[in-house]
Amino acid sequence: QVQLVESGGGLVQPGESLRLSCAASGRIFSAGDMGWHRQAPGKQRELVATISKGMRINYGDSVKGRFTISRDNDKNTVFLQMNSLKPEDTAIYYCKGNLVARGGNWRDYWGQGTQVTVSS
């Protein structure tokens, strides 16, 4: 069984930084694209950033220049460094990974989510 576990969320003031981590564990044969999405109250889930195994990166327009995604392929872990946080960044952040388990097929997995709150 494959699991994605996020960590690093919390409450910060505007302008501060947070670093999120997401570790994929279980009987993983290979990991493809990994990334982050977020969902604010009353809004649809939106793309934050994705990164391929070859380090090709894509950011949502609202976070370009402030957030940086990275990954450690050996540990099947993805990170999100969030700088210059704004109140509108407040949301539950979900990790997503396109993975294949041993003996299984490629599919998308989601983490449980971690709350990020930006407020003064």
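Val100 stands opposite Trp106 in β10, where strands are DSSP runs of E of at least two residues, numbered from the N terminus. The model is predicted, so local features need pLDDT of at least 70 and side-chain atom pairs count only at pLDDT 80 or more, whereas totals for chains, interfaces and linings use all residues. Residues are numbered from 1 along each chain as its sequence is written, and side-chain values use heavy atoms, with hydrogens and water left out.

Strand β9 (residues 91–101) runs antiparallel to strand β10 (residues 106–110), with five bridges between them; two strands are taken to pair if DSSP finds at least two bridges between them. Four residues lie between the strands of this hairpin, in which Gly103 adopts a positive phi near 80°.

Leu18 stands opposite Met82 of β8.

The structure holds one disulfide, defined as a pair of cysteine sulfur atoms within 2.5 Å. The bond joins Cys22 to Cys95, with an S to S distance of 2.0 Å. These cysteines connect distant parts of the chain, since Cys22 lies in strand β3 and Cys95 in strand β9, 73 residues apart. The link of Cys22 and Cys95 is left-handed, at -80° about the S-S bond. Both cysteines are buried, a term that denotes under 20% relative accessible area, with exposed meaning over 50% and partly exposed in between (1.4 Å probe, protein chains only).

The nonpolar interior comes next. A nonpolar core is a set of buried Ala, Val, Leu, Ile, Met, Phe, Trp, Tyr and Cys residues joined through side-chain atoms within 4.5 Å. The largest such core has 30 residues, and those with the most contacts inside it are Trp36, Leu80, Met82 and Tyr93. Two or more residues each come from β3 (18–25), β4, β5, β7 (67–72), β8 (77–82), β9 and β11 (114–118). Strand β9 gives the most, with five residues.

Arg38 lies in strand β4 (residues 28–39) and counts as buried because its relative accessibility is 5%. The Arg38 side chain makes polar contacts with the side chains of Glu46 (2.6 Å) and Tyr93 (2.9 Å); such a contact is a pair of N or O atoms within 3.5 Å, and within protein one must be able to donate a hydrogen and the other to accept it, while residues adjacent in sequence count only if both atoms are side-chain atoms. Leaving aside residues up to four places away in sequence, Arg38 touches residues including Val48, Phe67, Asp89 and Ile92, where contact means heavy atoms within 4.5 Å.

Arg56, by contrast, is exposed, with a relative accessible area of 59%. Arg56 is placed in the loop between β5 (46–51) and β6 (57–59). With residues up to four places away in sequence not counted, Arg56 touches Thr50 and Ile51.
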